[in-house]
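Please read the following note beside the sequence and the structure. The points are numbered and may be taken one at a time.

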Amino acid sequence: MFKDELGDIGTNRDRRDDAGATPAAFEEANANPDLIRHEGFASEAEYRAYIATLGGHVPVEGAFEEPLLVSDDHALEGRLRELREELENLHARLQVIQHQAATVVAENVRWADASAHAQLGNQPWLKLAGAMAATFVVTRGMRRLPLGTVATTALPLVAAAMKRKSAR
């Protein structure tokens with residue numbers, strides 16, 4: 001810690017007030033006034049010097065126990081269990097996504113139907129099919145007309161009319 005803080009490990013809970021703060025009297029009673037730092041450290045060297053004034057180096061030999069050896073089978077079973085749980089979680093998420101996708105598609109169909117009814121009234125699909133059939137028939141009829149010869153004949157007449165308008 002770079003600032004003076006009370007390390008909370010759950011043992012000082014009975015000495016805290018309603019806001020969760022430790023009363024100042026408790027801090028002052030248990031702290032050596034020469035060792036209290038009210039500001040942070042400017043550098044790592046200053047921090048190490050401060051630690052040295054508190055008690056120096058604490059040996060750590062014998063503080064740790066031997067690591068617990070775990071068999072490979074146990075580790076593999078644990079990993080297999082974790083993978084199965086993850087697979088179940090992914091399967092559940094996939095089902096939620098599929099349900100949401102089905103809902104979106106259904107809502108889009110409802111929206112399209114409502115939009116068609118609003119624009120075309122009752123039986124919009126029948127009216128739309130009639131308009132498409134009419135377009136097909138008119139297009140087919142226009143293809144059979146001899147428009148090439150009509151356009152060739154009418155083009156000089158249209159050009160002369162435009163020339164007369166621009167001359168005025």
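**Note on the predicted model**

1. Glu-107 has a relative accessibility of 42% and so counts as partly exposed. The terms are defined as follows: a residue is buried under 20% relative accessible area, exposed over 50%, and partly exposed in between, using a 1.4 Å probe and protein chains only. Arg-110, with a relative accessible area of 52%, is exposed.

2. The side chains of Arg-110 and Glu-107 meet in a salt bridge, at 2.2 Å from N to O. Here a salt bridge is a side-chain nitrogen of Lys or Arg within 4 Å of a carboxyl oxygen of Asp or Glu. Side chains of opposite charge can pair when their charged atoms come close. About one helical turn separates Arg-110 and Glu-107, because they are 3 residues apart in helix H3.

3. A search of the whole structure finds 2 salt bridges. Glu-82 and Arg-79 also meet in a salt bridge through their side chains, at 3.5 Å from N to O. Both Glu-82 and Arg-79 lie in helix H3, 3 residues apart, which is about one turn of the helix. Glu-82 is partly exposed at 46% relative accessibility, and Arg-79 is partly exposed at 46% relative accessibility.

4. Residues are numbered from 1 along each chain as its sequence is written, and side-chain values use heavy atoms, with hydrogens and water left out.

5. The pLDDT is the predictor's confidence in each residue, from 0 to 100. The protein averages a pLDDT of 75, and 66% of the residues score at least 70. Over residues 1-13 the pLDDT is below 50, and this stretch has 17 contacts in the model beyond near neighbours in sequence. A contact means heavy atoms within 4.5 Å.

6. The protein has 5 helices and 0 strands. Helices (H or I, at least four residues) and strands (E, at least two) are DSSP runs, numbered from the N terminus. Of the 168 residues of the protein, 5% count as buried.

7. How many residues does helix H3 have? Helix H3, residues 72-120, has 49 residues, and the distance from its first C-alpha to its last is 71 Å, close to the 72 Å expected at 1.5 Å a residue. The expected span is 1.5 Å times one less than the number of residues.

8. Leu-120 lies in helix H3 and is partly exposed, with a relative accessible area of 34%. Leaving aside residues up to four places away in sequence, Leu-120 touches Lys-127 and Leu-128. Just after H3, Gly-121 takes a positive phi of about 80 degrees. Gln-123, in the loop between H3 and H4, has a positive phi of about 50 degrees although it is not a glycine.

9. Val-138, Met-142, Leu-145, Leu-147 and Val-150 form a nonpolar patch on the surface, together giving about 460 Å² of accessible area. Helix H4 (124-144) and helix H5 (147-167) are the elements that give two or more residues to the nonpolar patch. Patch residues have over 30% relative accessible area and no salt bridge; like charges are joined within 9 Å, and nonpolar side chains (Val, Leu, Ile, Met, Phe, Trp, Tyr) within 5 Å. Accessible areas come from the Shrake-Rupley method with a 1.4 Å probe, and for residues only the protein chains shown count as cover.
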